[in-house]
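New notebook page, new model to look through. I'll jot down what I look up as I go.

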Amino acid sequence: MVTVSNQSGIARGLYDSAAYAAVQRRLVELLAQHGARLDGAYYCPHHPDVTGPCECRKPGLRLFRDAAAALDLDLARSYWVGDRVSDVEPAGALAAGGHGLLVSTGRGAEHAAGARARGFPVVADLAAAVAEIVRGA
């Protein structure tokens, strides 16, 4: 599993890279308790209003391509799971290919209509997303 996230709180001074790294370490611990592992974590620390535009902010593809190159991932066979349309947009046929699943938790309910309009399935939560992935959605 690889995470790709926008962490604009860093650019806005809400937290620093060390705090983000601590959360990532805790995520690794929690995943390990369930027999899962995190192969890579890629993040954009920018915010367009603070640092200006960048190539790494989702839904841009830079971080996904970096992960694919570093970990030999086939993006066309990958799954994008998130609670915002921008999390799953890279899975669209015009971008990287693959499968997008929007979760209704977090901010997902606000983005469900937009995800469905773009052809992305909406699932209840992360557990439901995992079930879909295992089933080969």
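Which strand do two bridges join to β4? I looked it up in this predicted model: the partner is β5, and the two strands run parallel. β4 covers residues 99-103. I also checked a facing pair and found Leu102 opposite Val122, which sits in β5.

**The sheet**

I get an open sheet of three strands, ordered β3-β4-β5, with parallel pairing. A reminder to myself: strands of a sheet pair through backbone hydrogen bonds, and the pairing can be parallel or antiparallel.

Then I asked what lies across these strands. I found helix α7, residues 126-135, lying across β3, β4 and β5. I noted its angle to β4 as about 155 degrees.

**The whole chain**

I stepped back and counted seven helices and five strands in the protein chain. Reading from the N terminus, I wrote down the order β-α-α-β-α-α-β-α-β-α-β-α. I have a radius of gyration of 15 Å, close to the 14 Å that the globule rule gives for 137 residues, so the chain is as compact as a globular protein of that length. Along the principal axes, I note that the C-alpha trace spans about 40 × 35 × 30 Å.

**The largest pocket**

Rolling a probe the size of a water molecule over the atoms shows where empty space is left. For the largest pocket I have a volume of about 1600 Å³. I find 39 residues lining the pocket, and those closest to its centre are Met1, Val2, Thr3, Val4 and Val81.

Which element gives the largest share of the lining? I see that it is α2, with six residues. Elements that supply at least two residues each are β1 (2-6), α2 (17-32), α4 (62-71), β3, α5 (85-88) and α7. I sorted the lining by type and got 20 nonpolar, 10 polar and nine charged residues.

Most peptide bonds are trans, and most residues other than glycine have a negative phi. I looked for exceptions. I found a cis peptide bond between Lys58 and Pro59, with omega about 15 degrees. I place Pro59 in the loop between α3 (48-51) and α4.

My other entry is Asp72, which is not a glycine but has a positive phi of about 55 degrees. I find Asp72 in the loop between α4 and β3.

Note on methods. Residues are numbered from 1 along each chain as its sequence is written. This is a predicted model: local features need pLDDT of at least 70, side-chain atom pairs count only at pLDDT 80 or more; totals for chains, interfaces and linings use all residues. Side-chain values use heavy atoms; hydrogens and water are left out. Two strands pair if DSSP finds at least two bridges between them. Helices (H or I, at least four residues) and strands (E, at least two) are DSSP runs, numbered from the N terminus. Contact means heavy atoms within 4.5 Å. Axes are lines fitted to C-alpha atoms, for helices over the stretch in contact, and angles run from 0 to 180 degrees between N-to-C directions. On a 1 Å grid over the protein atoms alone, a cavity is a set of points where a 1.4 Å probe fits but cannot get out, and a pocket is an open set with protein on both sides within 12 Å along at least five of seven lines; lining residues have an atom within 4 Å of a point. Grid points are joined across faces, edges and corners, and a volume is the space filled by probe spheres set on the points. Ala, Val, Leu, Ile, Met, Phe, Trp, Tyr, Cys and Pro count as nonpolar, Asp, Glu, Lys and Arg as charged, and the others, Gly among them, as polar. The radius of gyration is taken over C-alpha atoms; the globule rule is 2.2 Å times the number of residues to the power 0.38.
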